[in-house]
Amino acid sequence: MATALVPPEAQLVAFRTVYCAAVALILVARLPQYTRFLRTTTRVEKPPRVLAWMPLPHLGAEASLGLGVLTAVALLAASAGLWPAAALAVAAVGALLYFAQVMQHPAVRRKANTVPVILWLLAAVSLDPAPPDPRVAPAVLFTIKLLVAQIYFSAGLAKLRAAGWRWSDGKTLRAWLVHYHLRDQSPLALAAASSASLCRRGAGAVLLFELTFWLVIPFPALAWIYIPLGVLFHAATALLMRIQYWIHLGPAYLVFIKPWLGSAFGVLPERLFP
């Protein structure tokens, strides 16, 4: 059977389908933990302001649980293509309000910030019931890729601003590993911190990865390298430091993989990555 490249508008619809389903499943899986956190935490901070000026309401644990369920339902509806624009708008508002309530949870903090932004982008391009405009779809996919890339680039810049290229000597990384060992009693973090050579190489690799991840945008074939590296990077931070950045950021990685849903679009992809 002859193969054909997936057009951008089909890629966007497929990304919307898989991304919304993934975010919904993750949200449902995490709801019990986040609800327990809201019920038991003794120090509740006010939700952050949107763009530093628009305050968000503070909701209780039960209202937040209901909001989380509503958001998950809206995500599943959008994934199934049921009133996608309305479902995505509800999901975007719901995600913004819900994650603001659990912002203090270690697995959330700033790690879920991309979710409502991506949902708003998808909602804007889903207003027309017809397939996305082929002239608009590439711009939306590019914006989502840029959103993910800037997370890593800004993290790399922050390291350079704090310590310059000396950050790559591994001393700062060793200090953080010791910190997480003392906080979490992690023998793996202590073992990693005990090796100056490992910390030096790891720090250099992290800095290089963060400052160059954006190259996957102009050179999509590099996704074969950077996507596995990103998975390893987040697995290492989760294992050594219990930093769960991957939980809510992970589904956004799908934008770097050529998304398809088999014969649903009547095309077959020639390659996994565009």
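Thr-35 lies in helix 1, which spans residues 8-40, where helices (H or I, at least four residues) and strands (E, at least two) are DSSP runs numbered from the N terminus. This is a predicted model, in which local features need pLDDT of at least 70 and side-chain atom pairs count only at pLDDT 80 or more, while totals for chains, interfaces and linings use all residues. Residues are numbered from 1 along each chain as its sequence is written, and side-chain values use heavy atoms, with hydrogens and water left out.

Thr-35 has a relative accessible area of 5% and therefore counts as buried, a word that means under 20% relative accessible area, with exposed meaning over 50% and partly exposed in between (1.4 Å probe, protein chains only). Leaving aside neighbours within four places in sequence, Thr-35 is in contact with Ala-61 and Leu-65, contact meaning heavy atoms within 4.5 Å.

Helix 8, residues 196-212, holds Val-206. Apart from neighbours within four places in sequence, Val-206 is in contact with Lys-159, Trp-167 and Phe-233. Val-206 and Phe-233 are 27 residues apart in sequence, and their C-alpha atoms are 7.7 Å apart in space.

| Residue | Relative accessibility |
|---|---|
| Val-206 | 17% |
| Thr-35 | 5% |
| Cys-199 | 1% |
| Cys-20 | 0% |

How many disulfides are there, if a disulfide is a pair of cysteine sulfur atoms within 2.5 Å? By this rule the count is zero.

The largest nonpolar core has 73 residues, and those with the most contacts inside it are Tyr-19, Phe-99, Leu-119 and Phe-213; such a core is a set of buried Ala, Val, Leu, Ile, Met, Phe, Trp, Tyr and Cys residues joined through side-chain atoms within 4.5 Å. Helix 1 supplies the largest share of this core, 11 residues. Phe-99, leaving aside neighbours within four places in sequence, is in contact with Leu-27, Val-108, Ala-112, Val-115 and His-248. In soluble globular proteins, nonpolar side chains tend to be buried together.

Turning to the whole chain, there are 10 helices and zero strands. Of the 274 residues of the protein chain, 44% count as buried. Among contacts between residues at least 6 apart in sequence, 74% join residues at least 24 apart. The protein chain exposes about 14,300 Å², of which carbon and sulfur atoms supply 69%; accessible areas come from the Shrake-Rupley method with a 1.4 Å probe, and for residues only the protein chains shown count as cover.

Note on methods:
A disulfide is a pair of cysteine sulfur atoms within 2.5 Å.
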